[in-house]
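Biologist: I'm new to reading structures. Can you walk me through one?

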Amino acid sequence: MKRIAVFTSGGDSPGMNACIRAVVRTCVYYNLENFGIIRGYQGMIEGNFIPMKSSSVSNIIQYGGTILKSARSKEFFSPEGRKKAYRNLQHHEIDGLVAIGGDGTFRGASIFSKETGIPVIGIPGTIDNDLYGTDFTIGYDTAINTAVEAIDKIRNTADSHDRIFFVEVMGRDAGFIAMECGIGSGAEVIMVPETITTMQEVFDILKQGWNRQKTSSIIIVAEGDEEGNASMVASKVKEKFPHIDARVLVLGHIQRGGSPSAYDRVLASRLGLGAVEGLINGMTHKMVGIVNGKLTFTEFDECVSRKKEINQELLRITEILRV
Ligand code: ATP
């Protein structure tokens, strides 16, 4: 292994820069050459490669986003697109890849490394925390802290005006963000795709609150909940209780931005270093993660085919603490 290329792909997440820094600096430490690929797989297809050295990643650990940019590439889904990408890797004499992204990125990496034989190690970089094979993904901790900070502010105004706020957080298929920011902000109801929360349960919880003189409430809705998004849930509640003052807030992309938390910076540094050492040790086709505090490597196919379950203890906490 002489030359490694690193790229970020899919949705960006805070801490990706800290991870790029760790990959580049670990390469420098082991006397490996390093290239950054701009705009993920699309940049690989277009030949958008830049040489990276230690100073290329100075002063970036604290910034959100990704200096290498991220993209979604339709062309990479086709064998022709992947052939172009491979030709560019050969042209730059790359003999190992570090892919920072989510499950889609690893699906692409899995196919690509099987087709071409190029060793690839993946690093989980996504705010959703929905990847099997790691307890935490880079950006998740920052995203839930961003959401909690916003919900705290909403609670102040909800309380002043006796309002019910329906706050939508990211999570099309997974409720990790909703669950943890809901518990962290003391939300009355948390609606996630993994569990069924019926509208009747929501009505009952609100009524229980009113019975103990509670005049404002926060309902967190993951965007992929089976009852629909926050506006849909709000209109169902409004239909049942027309007297309530209901407001909807979609947190949206602010959850992806901002300075990464200390936790995410440390996680990104551990995983970046682990990925390069994994390649040096002959590993391929695996995602590096942290499970029970220890660095682990899990086959791409397992990461993308197995579903990470939501912690049942968290569900129990929510039910008990809203009494
Ligand atoms: P996030 O979880 O934040 O959305 P992601 O990595 O899952 O991140 P995707 O858009 O799903 O984001 O995937 C990133 C890119 O990976 C895609 O744009 C595509 O180029 C490539 N990719 C995904 N799935 C495949 C596949 N089955 N075959 C080839 N390439 C793929």
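Biologist: Is Tyr 30 buried, partly exposed or exposed, and why?

Modeller: Buried means under 20% relative accessible area, exposed means over 50%, and partly exposed is in between (1.4 Å probe, protein chains only). Tyr 30 counts as partly exposed because its relative accessibility is 34%. You'll find Tyr 30 in the loop between helix H1 (16–29) and strand S2 (33–37); helices (H or I, at least four residues) and strands (E, at least two) are DSSP runs, numbered from the N terminus. One caution: this is a predicted model, where local features need pLDDT of at least 70 and side-chain atom pairs count only at pLDDT 80 or more, while totals for chains, interfaces and linings use all residues. Residues are numbered from 1 along each chain as its sequence is written, and side-chain values use heavy atoms, with hydrogens and water left out.

Biologist: Okay, and why is strand S6 largely enclosed by the rest of the structure?

Modeller: Look at residues 164–169: six of the six are buried, so S6 is largely enclosed. Ile 164, Phe 166 and Glu 168 cover one side, with Phe 165, Val 167 and Val 169 on the other, and all are buried.

Biologist: Which strands does S6 pair with?

Modeller: Two strands pair if DSSP finds at least two bridges between them. S6 runs parallel to strand S8 (residues 217–222), joined by six bridges, and there Phe 165 stands opposite Ile 218. With strand S9 (residues 246–250), S6 also pairs in the parallel sense, over five bridges. Here Val 167 has Leu 249 as its bridge partner.
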